[in-house]
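This report describes a two-chain model, one topic under each heading. The sequence and structure come first.

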Amino acid sequence: MNPLLRVEDLHKRYGKEKVIRGVSFSLERGETKVVIGPSGTGKSTLLRCINQLTIPDKGRVWLEDVEITHARTNINHVRAQIGFVFQNFNLFTHLTALGNVRIGPIKVKGMKKDEATKLAMEELARVGLADKADAFPAELSGGQQQRVSIARALAMTPKLILFDEPTSALDPELIGEVLQVMIKLAQEGMTMLVVSHEMGFARSVADEIIFMEKGVIVEQCSPKLMFTCPSQPRTAEFLHKITELYGETEK
Amino acid sequence: MTFRWDWLPKLAEGLLLTVEITAVCVAIGIVLGTLLAAGRVYGRRWLRLLCGVYIEFFRGTPLLVQVFIVYFGLPSIGVTLSAFTSAALALGLNTAAYQAEYLRGALQAVGSGQLQAARSVGMPLRQAVWSVVFPQAFRIVLPAWSNELIQMLKYSSIVFTITLYDLMGMGKKLAAKHFTYLEVFLVVALFYLAVVLILTQLLNLLERRTRLPGLGSDVEAPAKYRLWTPLRRPGGRGR
């Protein structure tokens with residue numbers, strides 16, 4: 001069987017800047033992979049190239065046996081199967097939490113409103129926000145907004161969820177609630193590709209960590225291996241800086 | 001000073017025509033302006049250019065010239081429209097250009113993240129714009145749009161030049177007949193003012209009703225302190 005997601009020789013440049021220079025990897029069903037690396041190395045661009053929010057210059061992406069990058073592929077149909085969680089949440093400002101979660105099933109899948117409402121309430125409960133269903137995004141904290149946006153992704157029953165630095169815009173004390181939801185999802189078998197610097201999260205749930213720098217994958221291995229004996233000196237250096245920054249002491 | 005009560009029914013008749021012309025032209029403006037704004041923001045290159053040319057033409061030429069082209073000019077190429085149709089059409093085409101510009105600003109103010117999020121759920125562009133961006137843009141544009149509505153009510157006074165007896169036209173007729181320019185036009189001015197004040201209240205109500213947390217103007221005096229709200233005039237303009 002094909003892997004759930006396969007990325008092959010992806011390239012993307014903005015003007016002269018080559019942001020991604022030949023990235024290939026794959027993701028099996030139920031796997032969680034975490035992408036780390038210094039800022040400006042194309043991690044977010046990589047995620048956006050997968051669901052074509054950014055169109056790559058070269059390379060191919062498959063979701064199961066559908067080639068997403070093929071010109072004939074209905075991209076909306078593919079996107080409906082891939083959840084995307086943004087760094088800045090991007091909740092729909094004019095809709096309540098409930099409205100945000102059910103709009104996808106209603107508008108994209110043609111689900112009936114009461115059915116979609118029931119589903120949306122379940123997803124909100126899953127991220128612990130059933131009591132905030134009627135609140136507007138502006139009335140929620142950053143952590144709550146991000147959990148709603150995860151519920152919004154879940155309501156589409158996606159095959160895969162892409163997380164683009166989901167906790168980077170949050171106050172430190174709000175990061176935990178979002179990570180808890182993500183850990184739960186990973187344990188429930190959701191397939192996830194996460195760009196994040198949360199080493200604790202990577203260590204506890206990632207099947208593999210991908211270390212990217214300057215548009216290429218430098219190293220890709222299990223968290224245990226990466227934290228104990230990275231094969232590339234550059235990986236060790238980056239991990240050292242990150243642990244220094246976040247004061248990570250556990251081994 | 002002389003004042004005659006029998007002016008009032010005549011002026012009310014004129015006012016009705018003024019309101020009718022304003023209503024029709026603003027309706028044309030909403031539909032056409034929305035299309036123009038969407039075309040200018042989301043269209044392909046040629047469509048953006050086309051909408052841009054339209055908007056610049058109608059904003060760059062005097063309204064009176066536009067009215068004259070439609071009423072006096074078009075018949076020479078075989079298109080003869082009634083005075084009312086000409087007026088409503090010319091004013092509608094004009095306000096569409098302004099409304100399109102206000103709405104364009106509002107669409108751009110909504111932010112690309114909203115559109116990206118809608119697309120990432122799997123909505124086609126058209127649906128994403130319609131169900132996610134527009135509902136927000138309409139709330140943002142409402143104050144500017146209210147202003148435009150009031151401007152059109154007042155600018156419609158130029159239609160007296162194409163034989164219509166709107167409030168202005170009727171006033172001019174009465175004034176000339178009785179040679180009472182000051183008195184009649186003061187009453188005409190009061191009529192305009194009354195309608196504008198009523199409209200302002202209604203539009204403020206609409207703004208309050210459609211306001212959502214995080215969208216539209218959040219800060220406002222508590223209702224009990226507000227007998228009436230003064231007209232907002234962010235930078236008046238002429239045509």
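## Chain B

Chain B has 8 helices and 0 strands, where helices (H or I, at least four residues) and strands (E, at least two) are DSSP runs numbered from the N terminus. Along the sequence the pattern of chain B reads α-α-α-α-α-α-α-α. The model is predicted: local features need pLDDT of at least 70 and side-chain atom pairs count only at pLDDT 80 or more, while totals for chains, interfaces and linings use all residues. Residues are numbered from 1 along each chain as its sequence is written, and chains are lettered from A and ligands numbered from 1 in the order in which they are written.

Chain B has 239 residues, of which 38% count as buried; a buried residue has 20 or more other C-beta atoms within 10 Å of its own, with C-beta atoms placed from the backbone. Among contacts in chain B between residues at least 6 apart in sequence, 76% join residues at least 24 apart. Two residues are in contact if their C-beta atoms, placed from the backbone, lie within 7 Å.

## Helix H8 of chain B

Helix H8 of chain B covers residues 181-210. Its 30 residues should span 44 Å at 1.5 Å a residue, and the end C-alpha atoms are 43 Å apart, which agrees; the expected span is 1.5 Å times one less than the number of residues.

B:Val184, B:Val188 and B:Phe191 are buried in this helix. The buried residues of H8(B) pack against helix H1 (7-42) and helix H7 (167-178) of chain B.

## The sheet of chain A

In chain A, 6 strands form an open sheet with mixed pairing, in the order E6-E7-E8-E3-E9-E10. Strands pair if DSSP finds at least two bridges between them. The edge strands, each pairing on one side only, are E6 (82-85) and E10 (216-221) of chain A. From one strand to the next the twist averages 15°, based on axes fitted as lines to C-alpha atoms, with angles from 0 to 180 degrees between N-to-C directions.

Strand E7 (residues 160-164) and strand E8 (residues 192-195) of chain A run parallel and are joined by 4 bridges. A:Leu162 has A:Leu193 in E8(A) as its bridge partner.

## Domains of chain A

The domain assignment of chain A, automatic or from a database, gives domain 1 (1-74 + 184-251) and domain 2 (82-158). The centres of these domains, taken over C-alpha atoms, are 26 Å apart.

## Contact between the chains

The contact takes 22 residues from chain A and 19 residues from chain B. On the side of chain A that touches chain B, helix H2 (75-79) and helix H3 (97-107) of chain A are the elements that give two or more residues.

Note on methods. A residue is buried if 20 or more other C-beta atoms lie within 10 Å of its own, exposed if 12 or fewer, and partly exposed in between; C-beta atoms are placed from the backbone.
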